[in-house]
Amino acid sequence: MDLRPSDVQSRFKEIFNREPLLIRSPGRINLIGEHTDYNDGFVMPAAVDKEIYFAISGSSDERSVIYSVKYNERFEVDLENPKPVDHPKWVNFLLGVLFQFKENGYPVKPFYCVFGGNVPLGAGMSSSAAMECGFAFALSEYNLLNIPRLKIITMAQWAEHHYVGVKCGIMDQFASVMGKEGHAIVLDCRSLTHRYAPLDLSEYGIVLCDTKVKHSLVDSEYNTRRKECESGVRLLHPFYPQVKSLRDVSPEMLGKHRREFPGKVYQRCLYVVQEILRVQEASRDLDQGNLKAFGQKMFQTHDGLSQLYEVSCKELDFLVAEAKKDQGVLGSRMMGGGFGGCTINLVRNDLADSFISEMRAKYLEAFSIEMAAYRVKVVQGTSRVPDEELTFWT
Ligand code: GLA
């Protein structure tokens with residue numbers, strides 16, 4: 001069920017009979033730089049027009065109530081003790097944020113909140129970051145706290161680590177909160193400095209192909225990859241005391257100690273080290289308008305993710321291999337954590353419709369699954385819903 005801001009607003013009015021404040025919080029794409037964020041590397045994400053909306057107001061009594069339109073479920077929050085719950089799962093994303101408000105001494109008044117949106121779940125577009133960041137922003141606005149954006153980002157990331165159990169990097173929350181219309185964010189995940197690169201794709205556009213699968217490995221394997229990277233750093237540190245993360249490692253350093261790495265640690269580290277270098281080159285390609293070179297790097301990233309980092313799956317590999325054969329496609333790769341979700345494709349606009357219908361047909365034949373496709377637009381990060389947008393939709 002795809003919800004618009006006005007749907008969430010009217011649902012709020014139906015249930016609580018008051019006028020809410022409305023916040024939008026976008027999902028994200030990532031052009032290149034996968035699994036580099038938690039290695040202090042670079043990423044190139046952007047916020048997109050798949051969003052979650054929050055309607056929030058003060059409550060008429062001392063209760064705080066959150067209602068999910070998607071699940072048609074309500075939950076009463078204990079503001080004094082927002083600890084994680086077994087059911088419903090969706091509320092933990094928000095309870096983690098509330099816990100952070102408490103920890104950081106940000107006062108929250110009792111509230112009513114309704115949320116819902118149109119970020120596809122499990123598609124690797126960070127619906128969870130959109131939820132955490134949107135809720136944090138809504139609480140900040142409603143309580144007039146004016147919390148700095150970077151603080152919202154780190155509180156949301158904390159919620160994901162401790163209330164959801166995924167030791168994610170900072171990319172998703174950063175992209176959701178800091179997105180800029182028509183621009184990619186080139187983010188240095190070590191210093192957290194960023195610049196906006198104009199996303200001038202001339203006759204090309206971004207198409208996401210959604211495998212509609214999400215293999216259950218995703219969370220546990222994600223945390224395992226992170227540990228493998230850390231063990232690579234621990235191994236190199238005695239030889240190179242300046243090495244604090246894989247950001248500080250060169251392919252030569254890795255090669256020299258190759259035999260000392262246990263199991264798959266060498267190949268995991270090799271992928272990350274190569275990818276960190278690749279993003280820096282890719283950002284220059286984008287600045288110079290060399291989309292062809294950029295697209296080639298997307299294919300290389302996919303190969304690394306699939307063969308060295310081993311976070312792809314047969315459905316994603318299939319979609320990338322088929323996209324590679326298409327003359328309208330400059331680049332294609334799996335996007336996000338992996339084990340399902342979407343591929344991101346750079347496709348010539350006039351060929352995008354035929355690309356989508358061919359990919360759908362091939363995917364259906366190979367896996368008997370209906371692939372979904374999204375032609376996304378790059379938008380501004382988490383913010384209030386402008387009045388025009390509401391008038392437009394109602
Ligand atoms: C998930 C995480 C991010 C990032 C990507 C992989 O989306 O939340 O922090 O690590 O995977 O690039």
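This is a predicted model: local features need pLDDT of at least 70, side-chain atom pairs count only at pLDDT 80 or more; totals for chains, interfaces and linings use all residues.

Me: In what order do the six strands of the open sheet lie, and which strands stand at its edges?
Reply: The six strands form an open sheet with mixed pairing, in the order β5-β4-β6-β3-β1-β13. Each of the two edge strands has a single partner strand, so one side of each is left without a neighbour in the sheet. The edge strands are β5 (73-77) and β13 (383-384).

Me: How many bridges join strand β1 to strand β3, and which residue is the partner of Asn30?
Reply: Strand β1 covers residues 21-30 and strand β3 covers residues 45-58; the two run antiparallel and are joined by ten bridges. Asn30 takes part in this pairing, and its bridge partner in β3 is Pro45.

Me: Which strands does α3 touch where it packs on the sheet, and what angle does its direction make with that of β3?
Reply: Helix α3, which spans residues 127-142, packs on the sheet and touches β1, β3, β4 (64-68), β6 (111-117) and β13. The direction of α3 makes an angle with that of β3 of about 45°.

Me: How are α3 and α5 oriented to each other?
Reply: Helix α5 (residues 171-178) packs against α3 at an angle of about 55°, with the axes 9 Å apart, and the crossing is right-handed. The contact is made by Ala129, Ala130, Glu132 and Cys133 of α3 together with Asp172, Gln173, Ser176 and Val177 of α5, which divide into four nonpolar, two polar and two charged residues. At that angle the two helices are therefore oblique.

Me: How are α8 and α9 oriented to each other?
Reply: The axes of helix α8 (residues 265-287) and helix α9 (residues 291-308) come within 10 Å and cross at roughly 170°. The residues of their contact divide into nine nonpolar, six polar and six charged; among them are Leu270, Tyr271 and Arg278 in α8, and Phe294, Lys297 and Leu305 in α9. Angles over 145 degrees fall into one class, and α8 and α9 are therefore roughly antiparallel.

Me: How many of the nine residues of β11 are buried?
Reply: Strand β11 (residues 340-348) runs antiparallel to strand β9 (residues 204-214), to which eight bridges join it, and Val207 stands opposite Asn345 in β11. Strand β10 (residues 329-334) is also antiparallel to β11, with five bridges between them, and these two strands form a hairpin in which Gly336 in the turn has a positive phi of about 90°. Strand β11 is largely enclosed by the rest of the structure, because the number of its residues that are buried is eight.

Me: What is the relative accessibility of Val347?
Reply: Val347 lies in strand β11, where Val347 is the bridge partner of Val329. Not counting residues up to four places away in sequence, Val347 touches Glu203, Tyr204, Gly205, Val207, Gly328, Val329, Ala352 and Phe355. Val347 counts as buried, because its relative accessibility is 0%.

Technical notes. Residues are numbered from 1 along each chain as its sequence is written. Side-chain values use heavy atoms; hydrogens and water are left out. Axes are lines fitted to C-alpha atoms, for helices over the stretch in contact, and angles run from 0 to 180 degrees between N-to-C directions. Helices (H or I, at least four residues) and strands (E, at least two) are DSSP runs, numbered from the N terminus. Angles under 35 degrees count as roughly parallel, over 145 as roughly antiparallel, 65 to 115 as roughly perpendicular and the rest as oblique. A crossing is left-handed if the near helix is turned anticlockwise from the far one by less than a right angle, and right-handed if clockwise. Contact means heavy atoms within 4.5 Å. Ala, Val, Leu, Ile, Met, Phe, Trp, Tyr, Cys and Pro count as nonpolar, Asp, Glu, Lys and Arg as charged, and the others, Gly among them, as polar. Buried means under 20% relative accessible area, exposed over 50%, partly exposed in between (1.4 Å probe, protein chains only). Two strands pair if DSSP finds at least two bridges between them.
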